[in-house]
Amino acid sequence: DIDALVLVTLPHLLPDLVTAAARSGKRLLIEKPVAPDLASGRAMLADIQGAGVYCMAAQTLRFNSVCRAMKDLVPALGRIDSLVLSQRFPPQPKLLWLDDPVRSGGGNILHTGVHCFDLIRFLTGLEPESAFCTTERQFTRQTEDNFTATLTFGQSKALAMVTCSRSAACYNGLIELSGENGQLVGDHVLGTLYLLDGNGRKDITPQAPVFTVLKALERFAEDAANGCESPISFADGLAAVAVADACYRSASSRIPQPVARLL
């Protein structure tokens, strides 16, 4: 009698749950990260596509008012040359599973970085091709809570820096997109946005802030009622995990690593 499932659980539990749900024909909404690792994610993707079921990846920042306003304004920048994305927030010591790589699948790269990796694709359409990443531990013992990654994009000459920490006594969500015609600077936590160009600074007022988790759930329900396709596919969510995978390989090898293609 169950039509749909929302999976908000520890990453290591997702493969069995997603496989069972997909094979039973259930509609799925999966919290990010959509998989504990790339290999498991590929198997889950095959099950979802094989069953032909609806699946939305809960990359909730796609519903954020600042991010949506930035997406509308990106074409005015022309060629994108550089990107900087940053997220800072306090430690989460009460979530003991988060520092257990067996249950969590990884640290801040997998649990926060995937937001930034997905936003790059959502805002610009650029597909990361390689990653060079460095990690540190400030409060955690087994997983990283601080990382900085540099991404390249193949034929595009753009460069991106993604830097996130779970060790600060503050919150931010900085996004800087620089192009041939100017720069957009926003913060999806603070709700601010402005444009810099040859005429100086122009402040932009996004739509009112929204509860992004609620928006994702509302869209999930609307799609079920109307028979619509998912606006954020499992493959979209897995593409962010693929960038995280390259970051982990780079941090371990200390050299840039290619981002695996899903197809």
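This is a predicted model: local features need pLDDT of at least 70, side-chain atom pairs count only at pLDDT 80 or more; totals for chains, interfaces and linings use all residues.
Residues are numbered from 1 along each chain as its sequence is written, and side-chain values use heavy atoms, with hydrogens and water left out.

Glu218 has a salt-bridge partner in Lys215, with the closest N and O atoms 3.8 Å apart. A salt bridge here is a side-chain nitrogen of Lys or Arg within 4 Å of a carboxyl oxygen of Asp or Glu. Both residues belong to helix H6, 3 residues apart, or about one turn of the helix. Helices (H or I, at least four residues) and strands (E, at least two) are DSSP runs, numbered from the N terminus. Lys215, at 36% relative accessibility, is partly exposed.

Helix H6 spans residues 212–226 and also holds Val213. With 51% relative accessibility, Val213 counts as exposed.

Next, the aromatic rings. How many aromatic pairs does the structure hold? There are 2. In one, the ring centres of Tyr54 and Phe220 are 5.8 Å apart and the planes meet at 45°, so the pair is tilted. Rings of Phe, Tyr and Trp (its six-membered ring) pair if their centres lie within 6.5 Å; planes under 30 degrees apart count as stacked, over 60 as edge-to-face and the rest as tilted. This pair links distant parts of the chain, 166 residues apart: Tyr54 is in the loop between helix H2 (38–51) and strand S3 (55–58), and Phe220 is in helix H6. Tyr54 and Phe220 are both buried.

Phe117 and Phe147 make up a tilted aromatic pair too, at 6.4 Å centre to centre and with 55° between the planes. Phe117 sits in helix H5 (residues 108–124) and Phe147 in strand S6 (residues 146–153), so the pair ties together parts that are 30 residues apart in sequence. Phe117 is buried, at 0% relative accessible area, and Phe147 is buried at 1%.

Back to the charges: the whole structure has 11 salt bridges. Among them, Arg121 and Glu127 bring their closest N and O atoms to 2.9 Å. Arg121 is buried, with 17% relative accessible area, whereas Glu127 is partly exposed at 35%. Elsewhere, Arg79, Asp81 and Glu180 are joined in a network of salt bridges.

Arg201 is worth a look for two contacts. Its side chain meets that of Asp203 in a salt bridge (2.9 Å, N to O), and both residues are exposed. The charged end of Arg201 also sits over the ring of Tyr194, 3.7 Å from its centre. A charge sits over a ring if NZ of Lys or CZ of Arg is within 6 Å of the ring centre and within 35 degrees of the ring normal. Lys71 likewise places its charged end over the ring of Phe122, 4.7 Å from the ring centre.

How values were computed. Buried means under 20% relative accessible area, exposed over 50%, partly exposed in between (1.4 Å probe, protein chains only).
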